[in-house]
Amino acid sequence: MKKLLAVTACPTGIAHTYMAAEALQKAAKEKNVSIKVETRGSVGVENRLSEEEIAEAHAIIVAADMDADEERFKGKPVVRVGAGAAIKDPGALIDRALAMKPSENTSVERAKTDYVENVQKIKSERSADRTGPYKHLMSGVSFMIPVVVAGGLTIACSFLFGIYAFKQTGTLAWGLKTIGDSAMGLMVTVLSGYIAFSIADRPGLAPGLIGGALSSTLGAGFLGGIFSGFLAGYLAKFLKDKLRLPKSLESLKPILIIPFLSTLVVGLMMVFVIGTPFSMLMNALVAWLKNMGTVNAILLGVIMGAMMATDMGGPINKAAYTVGTALIASSVYAPMAAVMAAGMTPPIGLAIVTFASKKKFNREEREAGKAALVLGLSFITEGAIPFAAADPFRVIPSCMVGSAIAGGLSEAFGCLLRAPHGGLFVMLIPNAVSNVFLYLLAILIGSAVTALMVLALKRDKVNEEKIK
């Protein structure tokens, strides 16, 4: 029997990672194919693939939107897709992997050494995906999110004692706020550092982190951090690839020469060229967001809400979420409230319609509706993906309209969210969400609109079976 291996990973490491793994395992079981899936999620690497397993595998499926340590697969047949593709059509990926020509490397020893001839081919296949700016940005975001979530929720916990209780030095509220502020202060540093790390590997980390720290110090915010991350990464990569030194000095290149030179260039650029313009841009953006009129605020909520439901965990969704979380560090809380309300709406709305209409969904989909409800309440928009994949032309527009309404209503009601994640559960923390009942109403109305649109647009399963 041909043995397959797979790796799944998504930028947040929360939902897509595990949904893709489950989909591949289910499809492999149906086809009577042996598969082992390594997940690279928010808790780290689980079910790690060993060298022996890689050597014995017929092919490997890499369903990842970020770095998946693919260097270890050199010389093996590899199918590369995003995590979403594994969720939508895992059977096709299994078939593609089985159809690939097996590698000549059959022993563990040869698997470690006989990869040279395929390196250039693999690099050319990966270049379009792994060196793209979006992938590097999402790698930075994936490392940033745990820091922001930990810091934001810690700050929210300080509000249990009153929204201004932290001002009393030495109290528990003050301690929690101090911890949270320290974590949030690392946000731009981590974002910049791991963008650079994604581009240039370890040589890019030092200049990326230092550039991000300078961005925070100079008030350039997350925009400056993104710029410094890309600048540091591409500069370090250029030096790594092009700088030629005598063999006696080559070992110093990754730990001394590249970090020093790239840090020097990035640091000087941030201090004397980039920092001030980005600081002015961030100040103008924050001032505009804080002083915008009601109509503009509602429009912003509608746009960000629709973005959250467009691809449900994909690049557009993550762009809206990244902006929302980044603005928390600038004490702008309304966009994050709109983003979370809109992100909760699709799975909740679809769960409602699966409960309300048995004719529209089969038994498996109705069971999935129960899981979607839990995911929606937890602010995991990806819970709607199975439904969107099965019927995209009816489900996705319904979700976008419902999320746009939820985001717009959140802004119209003046809702603020001081924590970057948590869903329904963060609302239990006093003062973490302002206007909490109106906020719940915005989510409920958005979810109801999604459910009603799906109910109106989607065909009955019974009718579809008769047509077939």
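Me: What are the ground rules for the model and its numbering?
Reply: Residues are numbered from 1 along each chain as its sequence is written, and side-chain values use heavy atoms, with hydrogens and water left out. The model is predicted, so local features need pLDDT of at least 70 and side-chain atom pairs count only at pLDDT 80 or more, while totals for chains, interfaces and linings use all residues.

Me: How many helices and strands does the chain have?
Reply: The chain has 21 helices and 5 strands. Helices (H or I, at least four residues) and strands (E, at least two) are DSSP runs, numbered from the N terminus.

Me: What share of the chain counts as buried?
Reply: Of the 468 residues, 51% count as buried. Buried means under 20% relative accessible area, exposed over 50%, and partly exposed in between (1.4 Å probe, protein chains only).

Me: How do you know that the span of α20 agrees with its number of residues?
Reply: The expected span is 1.5 Å times one less than the number of residues. For the 22 residues of α20 (436–457) that gives 32 Å, and the end C-alpha atoms are 32 Å apart, so the two agree. Helix α14 (294–310), with 17 residues, reaches 24 Å from its first C-alpha to its last, close to the 24 Å expected.

Me: What makes T450 a buried residue?
Reply: T450 lies in α20. Its relative accessible area is 0%, so T450 is buried. Leaving aside neighbours within four places in sequence, T450 is in contact (heavy atoms within 4.5 Å) with T345, P346, G349, L350, S398, C399, G402 and S403.

Me: Why are the buried residues of α20 placed on the same side of the helix?
Reply: The buried residues are Y439, A442, I443, G446, S447, T450, A451 and V454. They cover an arc of only 160° around the axis, which puts them on the same side of α20. The arc is that of the directions from the helix axis to the C-beta atoms. The face turned away from the buried side carries the exposed residues F437, L444, L452 and A456.

Me: Which helices are included in what covers the buried residues of α20?
Reply: The cover includes α16 (334–356) and α19 (392–412).

Me: How is the packing of α16 and α19 described?
Reply: Two packed helices are described by the angle between their axes and the distance between the axes. For α16 and α19 the angle is about 145° and the axes are 8 Å apart. Axes are lines fitted to C-alpha atoms, for helices over the stretch in contact, and angles run from 0 to 180 degrees between N-to-C directions.

Me: Which residues of α16 and α19 meet?
Reply: A334, P335, A337, A338, A341, A342, T345, P346 and L350 in α16 meet V395, C399, G402, S403, A406, G407, S410 and E411 in α19. The residues of this contact divide into 11 nonpolar, 5 polar and 1 charged. Ala, Val, Leu, Ile, Met, Phe, Trp, Tyr, Cys and Pro count as nonpolar, Asp, Glu, Lys and Arg as charged, and the others, Gly among them, as polar.

Me: Why is N32 called exposed?
Reply: N32 has 57% relative accessibility and therefore counts as exposed. N32 is in the loop between α1 (16–30) and β2 (34–41), and its phi is near 60°, a positive value in a residue other than glycine.

Me: Why is D201 called partly exposed?
Reply: D201 has a relative accessible area of 42%, so D201 is partly exposed. D201 is in the loop between α9 (187–200) and α10 (202–218), with phi near 65°.
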